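Dear colleague,

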Amino acid sequence: MSSPRTLPETLRQALDGHPDSPLCVAFSGGPDSAALLHALATLPPARARGLRALHVDHRLHPESGAWAAQAAAFCVSLDVDCEVRRVEVARGGSDGLEAAARHARYAAFADALQPGEWLLLGHHRDDQAETVLLKLLRGAGPQGLGGMRAVRPLGAGRLWRPLLDLPREVLRAYVEANGLPCIDDPSNRDTSLARNHLRHEILPRLCLHWPHAVDSILHSASLCRAADDTLRAHWLKAFGTLHDSTNDSLDAQAWLTLDPALREPLLDHWLHASGLPAPTAAQRRQIERQCHARAGQQPCVCWPGAELHIWKGRLWAHAPRASVDPHWEANWHGEALTLPDGGRLSLSPDARLDSPLTVRLRRGGERIKPAGDRHTRELRDLFQQVALPPWRRLACPLLYAEGELVAVADLWRTARGAALFDAARARPRWIPPG
């Protein structure tokens, strides 16, 4: 039986073949995502799964606010809830604005997904061919040359591309037939951007000489994907050995000894599971070099949307942290308090202190005498004893009573601090960002 060629039929069959998870559409407002969202809105099985939309405003164009309003209005016309996320795109990075915008977008996707929710993207057959060519030009291996996967983990849910077998013309025909209003982002015509150059300049010329070029590209991609799937069983086994699930870190030296065919996809899998983007080939080589750093050094490799640290013989990764003002402070009665780096401080169970404490960040040289300890100790030494990662130390909340340090987050309390919290029948609870 041949695969369905209309958009609604493709989606109906896709929904039948996947679990009954909540659905969210990544809705840019362009033709492809408009066709995807509209077609899903006509299908009762999609609405039964709590269909909603997510629009990311990159704030890179003067009209981006108007586009967000247009996207929201389109969703209102379909009786579909729409969430708008506004992001900051890092400018001036070595990977360029296009990559930075993509990283910011996917970080927003990962953050917005609810547990178990599936995020649907409107990527189609022609997008897949462009992706494979871009990966080829960037020197990718089997994983990259296999193109975009239909399903992969993202944040607390899954990313799903159900339209990879449909050509662009099917979606555009659907838009025209239904008279759908679409956002016209002029950056999509900017051929100085790599993907647009391939789309508007290179692929059309290839197809003039090789009419079946897209078919051939996608056939090669399927062979690479099959090879990658074979390798996947091996690196997943290695991942189970290298990964510490208690702190989400990897054994750096063991990772480094893996064959590159296993090492690279294992790293990507680890990063994607945390909603982080994968590094470029040059950044991978930098990570490998930094794994040989001398003891006591704390190398960090950064790229848009991610920071990777090598510390205590392990790899650690997180989204870039907001810079913090070391002179920040706040009065605290025990309510949920958002810290400057996005972490949170609260009391567990919920309670209220009789007298407020002052919450500050480290400024250097702090000392505390933990309850039951004979000696006053430097925080630097205590942090090392409990192996608190260096990038978390600057934003660790310090609790003061009348100028006296009485507690360090939920890690240590003085005798006076213990008495204060015993009186409230609660304990501090510190949740770092991420």
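Predicted model: local features only at pLDDT ≥ 70, side-chain atom pairs only at ≥ 80, totals over all residues.

Residues are numbered from 1 along each chain as its sequence is written, and side-chain values use heavy atoms, with hydrogens and water left out.

**The chain as a whole**

The secondary structure of the protein chain comes to 16 helices and 21 strands, where helices (H or I, at least four residues) and strands (E, at least two) are DSSP runs numbered from the N terminus. Along the principal axes, the C-alpha atoms of the chain fill a box of roughly 80 × 50 × 40 Å. Of the 434 residues in the protein chain, 45% are buried; here buried means under 20% relative accessible area, exposed means over 50%, and partly exposed is in between, with a 1.4 Å probe and protein chains only. If one takes the contacts (heavy atoms within 4.5 Å) between residues at least 6 apart in sequence, 65% of them join residues at least 24 apart.

**Helices that pack against each other**

Two packed helices are described by the angle between their axes and the distance between the axes. The axes used here are lines fitted to C-alpha atoms, for helices over the stretch in contact, and the angles run from 0 to 180 degrees between N-to-C directions.

Helix H1 (residues 7–16) and helix H2 have axes that come within 10 Å and cross at roughly 65°. H1 and H2 are therefore roughly perpendicular to each other, given that angles under 35 degrees count as roughly parallel, over 145 as roughly antiparallel, 65 to 115 as roughly perpendicular and the rest as oblique. The crossing of H1 and H2 is right-handed, a crossing being left-handed if the near helix is turned anticlockwise from the far one by less than a right angle, and right-handed if clockwise. In this contact, Leu7, Leu11 and Leu15 of H1 meet Ala35, Leu36, Ala39 and Leu40 of H2. By class, the contact of H1 with H2 has 7 nonpolar, no polar and no charged residues, where Ala, Val, Leu, Ile, Met, Phe, Trp, Tyr, Cys and Pro count as nonpolar, Asp, Glu, Lys and Arg as charged, and the others, Gly among them, as polar. Helix H2 (residues 31–41) is mostly covered, with 10 of its 11 residues buried, and these buried residues include Asp32 and His38.

Helix H10 (residues 213–242) takes part in a contact with helix H6 (residues 125–137), the axes coming within 9 Å and crossing at roughly 70°. That makes H6 roughly perpendicular to H10, and their crossing is left-handed. Among the residues that meet are Arg125 and Gln128 in H6, and Asp215 and Arg225 in H10. By class, this contact of H6 with H10 has 7 nonpolar, 1 polar and 3 charged residues.

The axes of helix H9 (residues 194–209) and H10 come within 8 Å and cross at roughly 105°, which makes H9 roughly perpendicular to H10. Here Leu203, Leu206 and Cys207 of H9 meet Ala213, Val214 and Ile217 of H10, and by class the contact of H9 with H10 has 6 nonpolar, no polar and no charged residues.

**Two single residues**

Leu399 has its place in strand S18 (residues 398–401) and is buried, with a relative accessible area of 0%. Not counting residues up to four places away in sequence, Leu399 touches residues including Trp332, Leu345, Phe421 and Pro428.

His272, found in helix H12 (residues 260–273), is partly exposed, with a relative accessible area of 22%. Leaving aside residues up to four places away in sequence, His272 touches Arg152, Pro153 and Ala278.

**Cysteines**

A search of the whole structure finds 0 disulfides, a disulfide being a pair of cysteine sulfur atoms within 2.5 Å. Cys302 is in no disulfide, and the nearest cysteine sulfur, that of Cys300, is 3.6 Å away. Cys302 is partly exposed, with a relative accessible area of 46%. The sulfur of Cys224 is 19 Å from the closest cysteine sulfur, in Cys207, which is too far for a bond.

With best wishes
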